[in-house]
Amino acid sequence: ARGRARVIAEKRWQDLLGTELFRAAGIYGPGRSPFDALRDGTARIINHEGQLFNRIHVSDICRIIKAAIEMPRRGRIINLADEKPAAQGDVMRHAARLLGVEPPLPQTLEEADLSPMARSFYVSKRKVGSKVIGPELGVTLDYPDYESGLAAILASETGD
């Protein structure tokens, strides 16, 4: 239902203004990454069979939006997403390995006691791609997957 409502809202914006739309996947970057949750003890791994989604590093978002401003096209929809959708648990386990800490124990969806909004995220199975970022805007992602993005964040934090 939430997805259908978004599509209706997007159509209304485009009909009203002819604007371009940016659909962002899971945004991460310095100060907003699995490392933060692992360090502050709020990290969770919630297992739900088949759960999958893309992410996008904040610096890649900025580069894509800048390119779109320089080459506008009315009505265009740009999916801001990396090239490697993955389960939330895979990302959290990878981040824990990079930090050299144990990942949290997995929970089921039922054990997690999530809000309806958070639950809808974990039951989604979204593989998002973009036919605009590279071919039309000429942007190559600096962080095409969560592994390269997380490695860069950690390197910037440690000065490596």
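Asp 15 is exposed, with 54% relative accessible area; exposed means over 50%, buried under 20% and partly exposed in between, computed with a 1.4 Å probe on protein chains only. The model is predicted: local features need pLDDT of at least 70, side-chain atom pairs count only at pLDDT 80 or more, and totals for chains, interfaces and linings use all residues. Residues are numbered from 1 along each chain as its sequence is written, and side-chain values use heavy atoms, with hydrogens and water left out.

**Salt bridges**

Asp 15 has a salt-bridge partner, Lys 11. A salt bridge here is a side-chain nitrogen of Lys or Arg within 4 Å of a carboxyl oxygen of Asp or Glu. Lys 11 is partly exposed, at 47% relative accessibility. Both residues sit in helix 1 (residues 2-17), four residues apart, about one turn of the helix. Helices are DSSP runs of H or I with at least four residues, strands are E runs of at least two, and both are numbered from the N terminus. An α-helix has 3.6 residues a turn, so residues three or four places apart point the same way.

The structure holds 11 salt bridges. Three of them are listed here.

| Pair | Closest N to O |
|---|---|
| Lys 11 and Asp 15 | 3.0 Å |
| Arg 39 and Glu 157 | 2.7 Å |

Arg 39 pairs with Glu 157. This pair links distant parts of the chain: Arg 39 is in helix 2 (residues 34-40), Glu 157 in helix 7 (residues 146-158), 118 residues apart. Arg 39 is partly exposed at 47%. Glu 157 is partly exposed at 35%.

Asp 142 lies in the loop between helix 6 (116-122) and helix 7, and Arg 63 in helix 3 (residues 58-70), so the pair ties together parts 79 residues apart in sequence. Asp 142 is partly exposed at 43%, and Arg 63 is partly exposed at 30%.

**Nonpolar cores**

In soluble globular proteins, nonpolar side chains tend to be buried together. A nonpolar core is a set of buried Ala, Val, Leu, Ile, Met, Phe, Trp, Tyr and Cys residues joined through side-chain atoms within 4.5 Å. The largest core has 16 residues, and Phe 35, Leu 38 and Leu 150 touch the most other members. Helix 2, helix 4 (88-99) and helix 7 each supply at least two residues of this core.

Which residues does Leu 38 contact beyond its neighbours within four places in sequence? They are Ala 43, Met 92, Ala 95, Ala 96, Leu 99, Val 101 and Pro 104. Contact means heavy atoms within 4.5 Å.

A second, separate core has 14 residues, including Ile 61, Ala 68, Val 132 and Val 139.

**Helix 4**

Helix 4 has 12 residues. From first C-alpha to last, helix 4 reaches 17 Å, close to the 16 Å expected at 1.5 Å a residue; the expected span is 1.5 Å times one less than the number of residues. Its buried residues are Gln 88, Gly 89, Val 91, Met 92, His 94, Ala 95 and Ala 96. They pack against helix 2, strand 3 (45-47), strand 4 (55-57), helix 6 and helix 7. Gly 100 follows helix 4, with a positive phi near 75°.
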